[in-house]
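Subject: Handing over the model

Hello,

Here is the structure we talked about. Please look it over, then read my notes below.

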Amino acid sequence: MIKVVKFGGSSLASAEQFEKAGSIIREDESRRYVVPSAPGKRNSGDTKVTDMLYECYALAENGQAFNKLLGQIKDRYNEIIRGLKLDLSLNDDFDTIKKQFTAKAGTMYAASRGEYLNGKIMAKYLGYEFVDAANVVRFHKDGGFDNETTNKLLSQRLKVCERAVIPGFYGSMANGRVVTFSRGGSDITGSLVAKAVNANLYENWTDVSGFLVADPRIVKNPEVIHTITYKELRELAYMGASVLHEDAIFPVRKAGIPINIRNTNAPEEDGTMIVESTCRIPAYTITGIAGKKGFVAVNIEKDMMNSEVGFGRKVLGAFEDNGISFEHMPSGIDTMTIFVHQDEFEEKEQRVIAEINAATHPDSIELESDLALIAVVGRGMKGTRGTVGRLFSALAHAHVNVKMIDQGSSELNTIIGVKNEDFNDAIKAIYDMFVISQLPVR
């Protein structure tokens, strides 16, 4: 059994949190490969080390004094080292960072140092070998990720490491220039390591006990999703549900490796298991609810539209030519509606409308702004009679007017459109209908 464990920034923000992570790793000998993030916030008023590094480098890049802020970052790490009672000095590392900042090595180099330094501390604390991600995670010259080379380098390097710490979030080009993934990219490093060592399980430790059925900022104490498939996760993540970096799914999914989302502060809880497929019957008809605000509906009407070959292509071409991607496209016999992000569309709206008119000569084009899209996702929806009826009933009782509904042929998800102002009420109503109503009496 081989497990790869990744710990997020909140799980490694202090010596106390490091000790929790260390206990988790040591209690299971199969947790052989560790991927740490940079120290996160110790409290609500704190600042993440990565943000401090960005700010520090900005000062250096502008020729301003940055030693004071760099010293504060150093103090954060030394506080962890002292708390863990480690015989470790990062003086040489900070001297190097100072020189690289002065030489303007780049924002990605600066941001990567958070994980790099935390990785050194973790390796010392555990007695594991430290493997610099810059030597095993490769990017192309254009900054794109090199999956094939990375898998080869990681596999070869870790084959001779019984236990190792590999910092998350960054890698390098062949010339040694450091490149980072997007924020939250340590999740990706963890999945790459899991694939490279053919792990049986990828554990992602964070500050929540798995994926929740709904956003806790909207629904009070939502239930935890115990098992979710990759397809369900993709649908929810795309619509804003965020516990795991979206790109972290692909390496392990292809390798057939499940992901377990766990809580560092509550290790006794099982968390959420993410799998390719499962015969487990879901607790509820739906698996999760997620959504986003800020959309515009572009409603196009033309008699006999459905018989005009190429009509849809011409309409979408107007959006494509203006660099605007669309989210959903429900249509009827004589109508077509394109949902797009309002902030992308507003500045180009008249140009897009003019191009649609020139290309298709519609009877009318109407715009409706300030809309939200909500995804109701769940493998339990397939074959369950009355799901959409219950969905409409829940929204009607909450006095929410549905602007659009779109259901995929897989019956895995249903997308509804509502006004921005009805967003929270809609999610609460759906949760009450599909979760609260099915909960056992407590």
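How do the residues of the lining of the second largest pocket divide into nonpolar, polar and charged? They divide into one nonpolar, four polar and four charged. Here Ala, Val, Leu, Ile, Met, Phe, Trp, Tyr, Cys and Pro count as nonpolar, Asp, Glu, Lys and Arg as charged, and the others, Gly among them, as polar.

Before the rest, some ground rules. This is a predicted model, so local features need pLDDT of at least 70 and side-chain atom pairs count only at pLDDT 80 or more, while totals for chains, interfaces and linings use all residues. Residues are numbered from 1 along each chain as its sequence is written, and side-chain values use heavy atoms, with hydrogens and water left out.

Pockets

Rolling a probe the size of a water molecule over the atoms shows where empty space is left. A pocket is an open set of points on a 1 Å grid over the protein atoms alone, where a 1.4 Å probe fits, with protein on both sides within 12 Å along at least five of seven lines. Lining residues have an atom within 4 Å of a point. Grid points are joined across faces, edges and corners, and the volume is the space filled by probe spheres set on the points.

The second largest pocket holds about 240 Å³ of space. Among its lining residues are Lys231, Glu276, Arg379 and Lys382. Leu412 lines it too.

The largest pocket holds about 1,400 Å³. It is lined by 48 residues, and the closest to its centre are Thr206, Asp207, Ser242, Val243 and Leu244. Elements that give two or more residues to this lining include helix H7 (186-196), strand E7 (201-206) and helix H14 (423-434). Helices (H or I, at least four residues) and strands (E, at least two) are DSSP runs, numbered from the N terminus. By class, the lining of the largest pocket has 22 nonpolar, 16 polar and ten charged residues.

The sheet

Look next at the open sheet of six strands. Its order is E12-E13-E11-E14-E16-E15, with antiparallel pairing. Two strands pair if DSSP finds at least two bridges between them. The edge strands are E12 (326-328) and E15 (404-407), and each pairs on one side only.

Now go pair by pair. Two bridges join E12 to E13 (residues 335-341). His328 has Phe339 as its bridge partner in E13. Twelve bridges join E11 to E14 (residues 364-377). There, Ala297 has Glu368 as its partner in E14. Seven bridges join E14 to E16 (residues 413-419). Ala375 stands opposite Ile415 in E16.

Cysteines

How many disulfides does a search of the whole structure find? The search finds zero. A disulfide here is a pair of cysteine sulfur atoms within 2.5 Å. Cys56 counts as buried because its relative accessibility is 0%. Cys279 is exposed, at 78%. The cut-offs for relative accessible area are under 20% for buried, over 50% for exposed and partly exposed in between (1.4 Å probe, protein chains only).

Two distances

Gly8 sits in the loop between strand E1 (3-7) and helix H1 (15-26). Gly8 is buried, at 6%. Gly8 and Thr206 are 198 residues apart in sequence and 5.2 Å apart in space, C-alpha to C-alpha. Ile2 lies in the segment before E1. Ile2 is buried as well, at 18%. Ile2 and Lys403 are 401 residues apart in sequence and 49 Å apart in space, again C-alpha to C-alpha.

Best wishes
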